[in-house]
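Reader: I am new to this kind of model, and I would like to learn how its features are read. Could you take me through some of them, giving the general idea and then the case here?

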Amino acid sequence: MKFTLSWLKDHLETDATLDQIAERLTMLGLEVEAVADPRATLAPFTVAEVLSAEKHPDADKLRLCTVRPGDGGPDLQIICGAPNARAGMKGVLARPGAAIPESGQVLKTGKIRGVESQGMLCSSRELGLGDDHTGIIDLPAETPVGVSIVDVLALDPMIEIAITPNRPDCLGVRGIARDLAASGLGTLKPLTVEPVAGTFTSPIRVSHGLEEADREACPQFVGRTIRGVKNGPSPAWVRDRLTAIGLRPISALVDVTNLISYEFGRPLHVFDADRLTGDIHPRLARDGETIRALDEADYTLTPDDVVIADDAGPQAIGGVMGGLETGCTEATTTVFLESALFDPRRIAATGRRLGIDSDARYRFERGVDPESAGMGAEVATRLILEWCGGEASELVISGAPPAWRLELSLDPVRVRTLCGITVERATCRRILEALGCEIVAEDSDGVLTVLRPSWRPDITAEHDLVEEVARVYGFDRIPTVSLPRDPMPRPVLTGAQTRRVTARRTLAARGLSECVTWSFLPKAHAEAFGGGLPALDLANPISSELDAMRPSILPNLATAAQRNADRGVANAALFEVGPQFHGGEPGEQRMVAAGLRMGASGPRHWDVRPRPVDAFDAKADALAALAAAGAPVGSLQTVTEAPAWYHPGRSGALKLGPKVLAWFGELHPGVLRLLDVKGPMAAFEVFLEAVPEPKAKPTKARPLLRASALQPVERDFAFVVDQTVPAETLVRAAKGADKGLIRDVAVFDVYQGERLEAGRKSVALCVTLQPTDRTLTDEDIDAAGQKVVAAVAKATGGTLRG
Amino acid sequence: MEDLETLRAEVIAAVEKAPDLTALDEVRVGALGKKGRVTALMKSLGGMDPETRKQAGQAMNRVKDAVAQAIEARRAALEAAELNARLARERVDVTLPVRPETAGTIHPISQTWDEVVAIFAQMGFAVAEGPDIEDDFHNFTALNFPPEHPAREMHDTFFLPERPDGTRHLLRTHTSPVQVRTMRGEAPPIRILVPGRTYRSDSDMTHTPMFHQFEGLVIDRTTHMGHLKGCLSEFVEAYFEVDSVPMRFRPSFFPFTEPSAEVDIGCSRQGGELRIGAGDDWLEILGCGMVHPNVLKACGLDPEVYQGFAFGMGLERIAMLKYGIPDLRTFFESDLRWLRHYGFAALDVPTLHGGLGR
């Protein structure tokens, strides 16, 4: 919402400065977005007298002027191209160093066609004061010389404020003035609207074409015919105001509607009455009816839209935009004025569907004062008669304002309990009355009965009145109070939240960099990673590259790693902790720590030869994240059950019983090709929520450490087994052979090759025996060894390698 | 019988001339071995009378000790020389680079998140979370957005496809649906902090289709707007690690709070450098207000009994302000150069006792 200072002062009596007004607007919730004060930019420009204007010796169209600045300084020589430069005129002088508002350029002394110019005489357009560039500004002869033009020109600062959706009353200058007055920054000037007496009956009548049930779509229509008008430009002050707020003056009849729209938040429409056929009917559009609107576009309407129709068809999209066919032109001599009221929801829906952003839609969808139809018609009539002459008919009125009267009670104590400020009852009353409320009653407890004003549809309950009092009284007067709290803060994170933090920092400690990538990705990527459910498509994606919710974080990390490689940052190791989506209902998502290493294990190095990353890098990362998340990693089973986006022979799942806690492995070459990335990539997905919550324990005490004083003993065994036997099966069997004695089993060699039968492999285990009560004898050790051999043989059919 | 003195001089000279440990051992055997010269001399003592034997014995022992001492000294010197020679051969170029290790990093969003939690935990806020995919009720209706209200349009909502019952789910446009879920799920008093991903179909220099918000909610019987001011003021000073930050609460409008306010903090932009705290400029950082009675009602709480405040702000925004990160879009580009520059070390865990920022 834009307006000018002088416009505001038409409604507000105040001595406040522009800065004070701007500050107060912001503190009233009418946030100032911009102040354009020509007085600030134009202060360096002064009034000067042209003493002589001769032809430039080398240019026919330039003049060589002698200009007296009037500040006692020497006369200046200025080259000027304006045809109206003449001896004796008073003009506007820009000196070197001044910034020209139109171009923003700083003026310098320079030579024009070989003659020095010591300044510039300015046009209106160069100073940002209008469109006129036909000549330099020609000030009245009596204008004093040497003073700043700020002191002699009527310059009108423009203020732009942001209006929140709850304040339709401030979409007009008068509403803004009322808020400022309520806050004590001046007084609201009285407004009296004298009705214009009609001298004839309007030949165009209004009959509602709306069924009773649909009346709320256009509850009231006020119209009037004005005949014998002469349309033309509106007065200069009107054009200046409209220009200042960024509107294009069109003609007196159209400018009237724009002026009233911005002054009172009251949209109007003017029809060329001679182009209307028969009477006016506000009605719902018929399905498929079309209209060419004032923006010269054609719109197809539906029965949800209200139109203002005549006997020939729709002539305006009610409350949104008029029709081109019946709009006013320079040739219009008879006007039919419309001042109607429309249902905000319907206007919003129509405007949104048709994609029309108009000042009328903006106001109607937020809520126009239901009592303003008559006022708008009368103010507009007066201005039309004043500017265009003519004769007004009696008003034609169909329907009545909808019920808006609402009495609310306000207990001033609520201002204190809700906002923490004590506002005297009398102050509450004064503020509410200044906003247009009527205090209907006050009971013995001080509770006020308040009638809201017609222009405040947002006030519907006591808390709205509390807000109004607090807002106008000033949020800056609310005290700052500490929240009461426990003297010793307690931990607040849940187990799951703590686990996430630990997993994240563990992965970072292992050399992976944390990323945050979009929750959506290309649908083709989703499909390659087990997703692509229609329920997870975005109906309105921001681009076709981001059109499905991600079933996995990995495609995003893979493409990110490739982008890094393309930028010359090789061997990316990335991870993300975030949601993966498996269904379109709220909650069908899992918190996953996913990561990926690309390329080689490290850079080329004088001592360490880099190797390609592989499934064991991914397995190590997954196990570390699981351990950090509190999973019992010693009890996990590794099974070759990873999903299709992993290399089928180089991937696995880490399971706790039947529950999958993680997948890991090298990404499938087909998937790499689909993602357009280079391998190898070793990736993992850890399902943090699948990790069982630790059992609640009564104390934090750990079980007593039983460290044996006896020397542990290591024995090595090499077993020959079928190649398909997983190493984990051997280890498990060996560990279980004598649980009391065997502390650890490690795989220290795996061999398959020509020294063994085809299809067989040798797995070498180092078994650590830990005695607890006495030193082991050779017989003890042999017995344990035989148990290991027997257990492994039973589990795998393996035999000791000869 | 050899002259004792000559013997001593000769043997010691031989010791000192021994070039290495092997030669030294030969000298030792030649002097002190079973057939050595000193040993042979000692054997002659047996034939002497007691008086002579006593004198000669003492003299011989002195020679024997002197020789043994010389040999030990020579051995130590030779061993030291040999060690030095070996160490010299073992020399490496220690200016060579170490074996490669890559330091990982924590994303600024996670770090900021940890900082914010540390601060609000002091004020007793628990962390609540909710789904990214939401229904219309939790994202809008329960939060007092009437259907067709212009405020809904301001949200640029991402929608999922129509469901069999004709409704459409959406990607939450703010973290506020978690307020609703919390209030409907537990009884006051409530103090929660809600961080999370939020989505708006908007993408330009200063908007990304996904970003992070966190919001706070306090519901009890007595918390008023003064507490809201106190809570936010303490947060801002702790987070920006500045002693006194001017704050300005401007009336504003949000469907789910009333009164509503936007909050500006004082800053200066002298020389193009943004500094929070001192200065004559304002910077908008968050929106807040008292929870709207319609929201309380939608959550089954009686607004005549319960009241409280809510606030919300952008996690990236406050991270950008604190750490001088110029461009929102870069948060989501996964550019390792950026992650290493703006990211944090794994062990830089922010705490209030150890300081938040690094």
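Author: Let us begin with burial, where a residue counts as buried if 20 or more other C-beta atoms (placed from the backbone) lie within 10 Å of its own, as exposed if 12 or fewer do, and as partly exposed in between. Because Arg113(A) has 12 C-beta neighbours inside 10 Å, Arg113(A) counts as exposed. This is a predicted model, in which local features need pLDDT of at least 70 and side-chain atom pairs count only at pLDDT 80 or more, while totals for chains, interfaces and linings use all residues. Residues are numbered from 1 along each chain as its sequence is written, and chains are lettered from A and ligands numbered from 1 in the order in which they are written.

Reader: Where does Arg113(A) lie, and what is its phi?

Author: For places in the chain, helices (H or I, at least four residues) and strands (E, at least two) are DSSP runs, numbered from the N terminus. Arg113(A) lies in the loop that runs between β8 (110-112) and β9 (115-117) of chain A, and its phi is near 50 degrees, a positive value in a residue other than glycine. Glu296(A), which is not a glycine either, has a positive phi of about 65 degrees; it sits in the loop between β16 (290-292) and β17 (298-300) of chain A, and it is exposed, with 7 other C-beta atoms within 10 Å.

Reader: Which peptide bonds of chain B are cis?

Author: Among them is the bond that joins Pro188(B) and Pro189(B), with omega about 0 degrees, and Pro189(B) belongs to the loop between α8 (177-185) and β5 (190-199) of chain B. Another is the bond from Glu258(B) to Pro259(B), where omega is near -5 degrees; Pro259(B) has its place in strand β8 of chain B.

Reader: What does UniProt list for Glu258(B), and which residues does Glu258(B) touch?

Author: In UniProt, the annotation "binding site" (unreviewed entry) covers Glu258(B); UniProt positions are given in the numbering used here, feature names are shortened, and annotations may be inferred rather than shown by experiment. Glu258(B) is part of strand β8 (residues 257-268) of chain B and is buried, having 24 other C-beta atoms within 10 Å. Two residues are in contact if their C-beta atoms, placed from the backbone, lie within 7 Å. Leaving out residues up to four places away in sequence, Glu258(B) touches His463(A), Asp464(A) and Glu467(A) of chain A, together with Gly289(B), Met290(B) and His292(B).

Reader: Which residues of chain A does UniProt list for "binding site"?

Author: The unreviewed entry lists Asp458(A), Asp464(A), Glu467(A) and Glu468(A) under that name. Not counting residues up to four places away in sequence, Asp458(A) touches Asn166(A), Arg167(A) and Asp464(A), and Glu468(A) touches Ile431(A), Leu432(A), Leu435(A) and Ile459(A).

Reader: How many residues does each chain bring to the contact between them?

Author: Chain B brings 71 residues and chain A brings 79. On the side of chain B that touches chain A, helix α9 (residues 225-240) of chain B gives the most, with eight residues. That side divides into 35 nonpolar, 19 polar and 17 charged residues, where Ala, Val, Leu, Ile, Met, Phe, Trp, Tyr, Cys and Pro count as nonpolar, Asp, Glu, Lys and Arg as charged, and the others, Gly among them, as polar.

Reader: And chain B as a whole: is it compact or spread out?

Author: Chain B has twelve helices and eleven strands. Its radius of gyration is 43 Å, well over the 21 Å that the globule rule gives for 358 residues, so chain B is more spread out than a compact globule; the radius is taken over C-alpha atoms, and the rule is 2.2 Å times the number of residues to the power 0.38. The C-alpha trace of chain B spans about 130 × 55 × 40 Å along its principal axes, and 43% of its 358 residues count as buried.
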